[in-house]
Every structure is written in C-alpha cells, then in structure tokens.
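Keep the structure open while reading.

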Amino acid sequence: MTSIKKIIKIIITLQFACLPCLLFGQNTTVNSNIHKMVQAQTELIFDSLVTIRRDFHKYPELAEQEKRTSNKIATYLKSLGLEVHTGVGGYGVVGILRTNKEGKKVAWRADIDALASDHHDAVDFSSKNEGVRHICGHDIHATIGLGIANVLTSLKENLTGTVYFIFQPAEENWKGAKAMLNDGLLNIINPDEIYALHVAPMPEGVISTKARNPYADYKGIELTLKNTENNTELINYTKELLLNLQNVASDSKFWDNRNLLDPNIGLGNPNTIFKDYITVNSNITVKENEDEITVRAYLSAEKETQLDTLLNEIKQKFKASEYADQFLGGAFYYETSLVLNDAQLTSSTMASIAEIYGNNHVLPLYGAIPDGRGDDFSLFQREIPGVYFLMGASNFEKGIVSMPHSPNFAVDEDSIASGVNFFSSMIIERLK
Ligand SMILES: [Zn+2]
Ligand SMILES: [Zn+2]
C-alpha cells in the first residue's frame, strides 16, 4: 500500500470509528438491532419493575433475614422459566439462563439486604418494617437484576452462552458473598466473568468505574496507649494527631456530593478534587481501663496503599513525641478486601456501553468515590475476573441524592431503566 493510500485508509477508519471506543482504547462491533430490542423490552416492563422496587422498599429486611425478598426474587425468576437455586449461603438465590448454545458464561450479581435506620423516608411507599430501610439502594439493585433477567430471557433466541443471576444476601455485614462461596456457589455456576453495580450519588443515567478500586480505601485504626496520670493530654494529642491527617479543608467543595460530577472539579476531570485525599471521621472513640487507653478512628484515602503508610507515620510520630513511652501500638482493627476491577474488562465494557448508549452516559473515573464501605462483591472478584460499576441515581433538580447510608438517601427510579438497558446490553456484548 502506498503511503497516500495508507493515510486515506486511516482517515476513513477514524471517521467511522466510534469515539468512545477510541477513548477507551477499544473497537467493538455492535449490532444495534439487538440493543433496540433490549430498550423496547425494558420500556415494556418498566412500570412492573417500579412496582417490584417499591414492594422491596416497603418491606426491607436486614442482612441474613431477607426471607421475603428472597422468596419474591425466586418466584420472579421461576416465572421467567429460569433454573432457580434457593438457600445458597442463607437467603441467596441463583437464577440460570441457558441459551443451550455454546458460548461464554457471564454472571450478574445483585445484593438484596437493607439497613437499620429510624430516619423518616419521604416517599409514599415508605418502610413498613420499623427501624429498617433501604438506604443503600439494594432494592434498586435487586430490581435491576430481575429486569436484566427478564430482558435477556426475552432475547434468549438471539443469545449464546449462559447467564447467571446471583442475588446475594447480607452485603451490609459482609457475610453474604463469603457464605454463598462457602455454600458451594461455584459448584452450581461456573462463570468466566462477573459483574455488579452499586448506586452512587452521581446523576441518573451516568455510569462510571475504573480499573482496580473505584472507592476510597477505608480502614478503622486502633491505637493502644498506656494509661497514666496525664491521660487527658495524651488523649488530646492522639485525637489531634489523627484529625491532622485529613488533607481536605472543612469548607472544601469536596464535602458536597453535588460536586462529584462538576466538569471542573468532579470525578470526570483529571484535575478532580476527589483525588489524593485523606479523610478522618471526626467521631473518634476513646475507651479507658485502669491500664490502657484505646483510641479508634475511621480513615479513608483515595490511594490504595496510603493508609498503610499513614499507620507507619503515626507510629513514628508517637516514637518521636513526649508520649513515646506510653505508645503501646497501632493496627487496623477494621479493613476489607478492596474492589478489584479487571483492567481489560473495565475498558471493554465501558467502551461497549458508551458505543451503544452514548459517551455522555459513561464517565471515565479519575480519583475515587469518597464512600469507604466498599462491597463484598470484591470476594467474588478474588475468584472470577469482573467489574463493579457505579451507577448514578441522583436527580439534583428534584433534590434526590443517592448517597448510600445517608438518612436522606433517595433514588430517581429512572435509574432502574438505565441500569437494565446498559447492563443487559453489556452482558449481550460479553456473551459474544
Ligand atoms: Zn450499604
Ligand atoms: Zn450497598
């Protein structure tokens, strides 16, 4: 090929290449017909999905008590004609969609439990179970999981391979994923890849994630000190030492979730303020007995290894201080396994969703979401490569902010349709 022909070929290729694919370094070929069928089916079932979500919302169940929720899920999956396994690791449910054609095996996981909360819920389908509420959005997750199962079942003739739907109990106490794995989940299913989502305080219609961990690392630190007469000064010194680790000013725009998507400082901008941060929960607890003082605090950091570095720095500072003799030790008393997104699967799934639904729905993530609870989906990711997505469910104009575990947690129910569309399409692309 002459060099002029080569240049012409490059120009033609660039003109017809999809922009998001270039952005994520991937060029996939998408059959738009099947994705139109996905959207048509989602539209058809949307109202019924909203009814299901409101039912889950009205009857929330705490971790390890999801009996009713689990029954509803199993009944729905059976009505689709799927092979259904119940009682997997407690109230876990597994649905299997077999196309009976050779192909990849892809798993979708949704968590189903709720949280203890006494706060008022400003919706007319508020919780009937006193003191329990869906303020982590698992009612939305479960509904989207059922919606994807419905959509993919309706398109079964056009698909190859196998899709597994995992409805996991007890995410909030981190027991569910482990219980399902220990109960032989991977003898029932044999996925090549696994995916999940969590609602996040970004606007509805936007999904985001990144390779490895999209969340801040979050750990509980415990410092043990010798109790002597000067304990008031010692406790004050320790508290100040911990609080001073925070590198975000109290009046920073960082603390307002609405800034997460700000074009200049939000997560989609390489210069985001949601990067390189360390935060310290001001609720530091102090316990004293005759001999020892125990000080506990929660820290979070955007960088994966930063909290380990900080723990060493704290030890060094104590050793160099006037309280060196009273410092008995420091360790993390609470830490979790971090979300571990497969880099290649992250870029190819983000690219295919962007290609099908548009670049404006897919946000490359710089920095990390300052929500430190993580997700025990990470335990599945230790066994099977996969991706954990963050899905916006906020609508700031309507005053809806989907910040998990916040008393005013709410979601824009349009996120159910977005979730079912995006991830049904994503799974279809992965099954190829
Ligand atoms: Zn939660
Ligand atoms: Zn959650």
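The text below covers salt bridges, then charges over rings, then aromatic pairs.

**Salt bridges**

This is a predicted model. The count comes to 22 salt bridges. Three of them are set out here.

| Salt bridge | Closest N and O atoms |
|---|---|
| E413 with R53 | 2.9 Å |
| D376 with R109 | 3.1 Å |
| E335 with K219 | 3.9 Å |

Take E413 and R53, which form a salt bridge. E413 lies in the loop between strand 15 (386-394) and helix 12 (414-431), and R53 lies in helix 3 (residues 32-58), so the pair ties together parts that are 360 residues apart in sequence.

D376 has 0% relative accessibility and counts as buried. R109 is buried, with a relative accessible area of 1%.

E335 pairs with K219 in another salt bridge. The pair links distant parts of the chain, 116 residues apart. E335 is in the loop between strand 13 (327-334) and helix 10 (343-357), and K219 is in strand 9 (residues 217-226). E335 is partly exposed, with a relative accessible area of 47%. K219 counts as buried, at 6% relative accessibility.

Which residues do shared partners join into one network? Salt bridges that share partners connect R53, R54, D139 and E413.

**Charges over rings**

K219 also meets an aromatic ring. Its charged end sits over the ring of F332, 5.4 Å from the ring centre. R296 places its charged end over the ring of Y333, 3.7 Å from the centre.

**Aromatic pairs**

How many aromatic pairs are there? The count comes to 17. One of them joins F254 and W255. The centres of their rings are 4.9 Å apart, and the planes make an angle of 80°. Planes over 60 degrees apart count as edge-to-face, so the pair of F254 and W255 is edge-to-face. F254 is buried, with a relative accessible area of 4%. W255 is partly exposed, at 40% relative accessibility.

Elsewhere, W108, Y195, F389 and F423 form one aromatic cluster.

How values were computed: Residues numbered from 1 in each chain as written. Chains lettered and ligands numbered in written order. Predicted model: local features only at pLDDT ≥ 70, side-chain atom pairs only at ≥ 80, totals over all residues. Heavy atoms only, no water. Phe/Tyr/Trp six-rings, centres within 6.5 Å; stacked < 30°, edge-to-face > 60°. Buried < 20%, exposed > 50% of the residue type's maximum accessible area, 1.4 Å probe, protein only. Lys NZ or Arg CZ within 6 Å of the ring centre and 35° of its normal. Salt bridge = Lys/Arg side-chain N within 4 Å of Asp/Glu carboxyl O. Helix = DSSP H or I, 4+ residues; strand = E, 2+ residues; numbered from the N terminus.
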